[in-house]
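Reader: I would like to learn how to read the sheets and helix packing of a model. Could you take me through one?

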Amino acid sequence: MLSAAALQQSCSSSAAQAISPLTAVLCALGLLIWVPWALNRWRFRHIPGPWAPPVLGNLLGLAQHDLHGYLELCRKRHGTLFKIYIGSNMIVCLAEPGLARRTFSKLSCRHSGVQLVAGPQDWDFLVDGLVGANGTAWRTLRTAWQPAFGSAALEGYVSGMNAAAEELRQRLEAAAASGEEVELFGELGAMTMDVVGQAAYGVDLHTLQTAEDVTQQQQQQQQQESSLLAAIKAVFEGGGVANSSNYLPLVLLFPLLAPLVQALAYRWPDAKLARLAKARAKIRQASMQLVQGWRGHPQQQQQQQQQQQHARSAGNGYMQPAGSLPEVAAGALSGAAGAPGTFPGLMLTARDKETGQQLTDEQVVSQLNTFLVAAFETTASAIACCIYFIAQHPQVQDALLAEVDAFGRQRRVAFSDLDQFPQADAILKETLRLIPPGAIAARFTEQGHQLTPEVWLPPGTPLFACIHAYQRDPQLWPAAEQFRPERWLQDGASAAAEGLQPSTPDAYSPFGFGGRLCVGMRFANQEVVIALVRLYQCFTFELQPGQVPLPVKQTFALIPAQGLRVRVQKRS
Ligand code: HEM
């Protein structure tokens with residue numbers, strides 16, 4: 001038996017142990033984890049969802065099924081309103097499209113789900129760009145962006161899109177002749193990057209040209225552009241959870257420690273993070289050089305003076321878009337990138353309604369980079385997936401070829417021709433239904449929000465709209481898993497479309513909702529149609545084995561996980 005003295009000694013020594021610094025740190029950590037977890041569980045106890053242990057949350061399920069697949073699984077198991085935990089971060093998920101539209105159209109603040117998934121180190125510039133901005137900053141930027149996507153501007157982009165599609169066609173000629181397998185998603189990515197490079201940066205990224213195409217006079221300019229291109233590629237390759245920094249799991253598991261982890265990551269970056277940081281720095285440096293060059297553009301200076309006079313006399317508008325609309329596009333694709341009216345020109349002259357202040361150089365750079373990120377993989381994925389579905393459906397391919405041939409095998413698509421391709425349009429719509437590159441949209445509640453009569457969301461609650469999940473829901477879509485482009489043909493002659501319509505128009509929203517609807521929607525649609533027409537004027541594509549169903553993964557967009565391997569067949 002222990003004597004009273006021994007017992008006292010043992011108690012005081014365990015008391016001393018209990019308050020050792022290590023124990024105190026562990027207790028604090030425990031509290032940091034448990035308190036938010038318990039609070040969250042209590043607040044959202046009425047919302048069903050998969051079992052989620054503290055700290056890990058549903059990360060294992062997410063790793064196993066990827067984000068889009070996991071949300072679809074949850075929709076099947078838990079209904080159309082459920083919650084998931086990404087690490088310790090709780091997210092309310094809406095897979096009922098009417099509720100998603102009503103809620104998301106009211107909430108204009110975007111939750112940076114991108115940062116949760118990809119990590120804070122990957123896409124920091126998005127926060128200052130249109131995708132990540134919120135509140136007044138977002139409204140100011142949105143007004144500045146809008147003219148670059150109006151009808152007149154879109155018309156001006158057509159020739160650049162045709163040129164990029166034509167360059168891709170030329171590249172594919174060799175593969176058609178040799179019969180070699182081609183990884184088409186990569187090729188399409190080069191094409192969309194070329195289009196974006198011209199529209200957003202006003203430079204030709206020469207993604208599709210071979211070294212022989214380059215004249216000596218172009219070489220100096222191209223050195224800068226190709227280093228930009230290499231950096232862009234490195235950033236995209238580093239995107240997504242799998243390729244992200246090893247610090248990412250720590251951020252997901254311990255969100256409250258994110259600032260500390262971030263500080264550590266920047267102080268002692270791992271190899272992946274160091275590579276990404278170098279690439280991002282290069283993009284920023286190249287973009288900054290372009291911006292500063294554009295600031296010195298004579299037309300730009302003249303425009304600025306005119307704007308200052310106008311602002312003084314008119315008391316300033318919410319935003320002063322620069323230049324006439326046709327100039328926007330014509331300039332953007334002619335290389336006079338900083339000129340008033342081009343996309344960079346619009347950004348350089350945009351003014352805040354309240355303060356009259358222009359965007360800083362850093363903010364302009366963020367808009368250019370945002371354009372690139374938002375437009376590059378999304379559109380390449382859409383085209384690749386169209387081709388994937390067409391290759392599996394000979395009747396759909398025949399209808400498309402008939403449409404293309406009726407238009408002409410040699411003709412280039414003009415802006416006024418774009419409504420002549422209902423088949424191509426229907427193929428795109430049905431592809432975006434089954435594989436939407438924007439598989440989720442994200443918001444958070446700025447103030448408290450009554451989601452349903454039973455569920456009240458406190459301020460700061462993150463929400464996902466599960467676009468991918470409800471666009472495949474058999475409760476909403478007849479033949480939900482089948483590729484049936486005829487459901488989109490509106491000509492009345494298409495009797496087959498009968499019975500294929502969704503039970504509600506809300507069931508289709510691949511470009512999002514309300515004020516935050518994708519600003520590049522029409523840009524993307526016309527780029528896809530132009531590419532499909534040019535490619536099918538000359539080729540058809542045969543899928544290589546082992547790709548049905550097509551494996552997809554979530555990076556910034558939902559994209560073919562291992563590309564798209566095809567053989568190119570030249571049309572007779
Ligand atoms: C097939 C191609 C594309 C798809 C499926 C797509 C889809 C989406 C989706 C789902 C959103 C979120 C909307 C929301 O939160 O309600 C979005 C936002 C956005 N998209 Fe796209 N997008 C595509 C192409 C493009 C292109 C070519 C651009 C060109 C710049 C672009 C620029 C943007 C921007 C800037 C936003 C943020 C808008 C804002 O918050 O105000 N997207 N897109």
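Predicted model: local features only at pLDDT ≥ 70, side-chain atom pairs only at ≥ 80, totals over all residues.

Reader: How many helices and strands does the protein chain have?

Author: There are 20 helices and 11 strands in the protein chain. Both are DSSP runs numbered from the N terminus, helices being H or I with at least four residues and strands E with at least two. Of the 572 residues, 48% count as buried; a residue is buried if 20 or more other C-beta atoms lie within 10 Å of its own, exposed if 12 or fewer, and partly exposed in between, with C-beta atoms placed from the backbone. Among contacts with a separation of 6 or more, 74% come from residues 24 or more positions apart, where a contact means that C-beta atoms, placed from the backbone, lie within 7 Å.

Reader: Let us turn to the sheets. What is the order of the four strands in the open sheet with mixed pairing?

Author: The order is S1-S2-S7-S4, and two strands pair if DSSP finds at least two bridges between them. Strand S1 (81-86) and strand S4 (441-444) are the edges, each pairing on one side only. On average, neighbouring strands here are turned by 30 degrees against each other, direction ignored. For the axes and angles, lines are fitted to C-alpha atoms, for helices over the stretch in contact, and angles run from 0 to 180 degrees between N-to-C directions.

Reader: Which way do the residues of S7 point?

Author: In a regular strand the side chains alternate between the two faces of the sheet. In S7, Pro-462 and Phe-464 point one way, Leu-463 and Ala-465 the other way, and all are buried.

Reader: What is the strand order in the open sheet of three strands?

Author: That sheet has the order S3-S11-S8, with antiparallel pairing. Its edges are strand S3 (181-183) and strand S8 (539-543), each pairing on one side only. Neighbouring strands are turned by 45 degrees against each other on average, direction ignored. Helix H8 (residues 184-201) packs on this sheet and touches S3, S8 and S11, its direction making about 50 degrees with that of S3.

Reader: And how many bridges link its strands?

Author: S8 and strand S11 (residues 565-570) pair over five bridges, among them Glu-542 with Arg-567 and Thr-540 with Gln-569. S3 and S11 pair over three bridges, with Arg-565 as the partner of Glu-183.

Reader: Now the helices. At what angle do H12 and H16 pack?

Author: Two packed helices are described by the angle between their axes and the distance between the axes. Helix H12 (residues 271-295) and helix H16 (residues 361-392) pack at about 115 degrees, with axes 9 Å apart. That makes H12 roughly perpendicular to H16; angles under 35 degrees count as roughly parallel, over 145 as roughly antiparallel, 65 to 115 as roughly perpendicular and the rest as oblique. The contact includes Ile-283 and Met-288 of H12 and Val-364 and Leu-368 of H16.

Reader: Are H17 and H18 parallel or oblique to each other?

Author: Helix H17 (residues 394-407) and helix H18 (residues 422-434) pack at an angle of about 140 degrees, with their axes 8 Å apart. H17 and H18 are therefore oblique to each other. Their contact is made by Val-396, Ala-399, Leu-400 and Glu-403 of H17 and Gln-423, Ala-424 and Ile-427 of H18.

Notes. Residues numbered from 1 in each chain as written. Contact = placed C-beta atoms within 7 Å.
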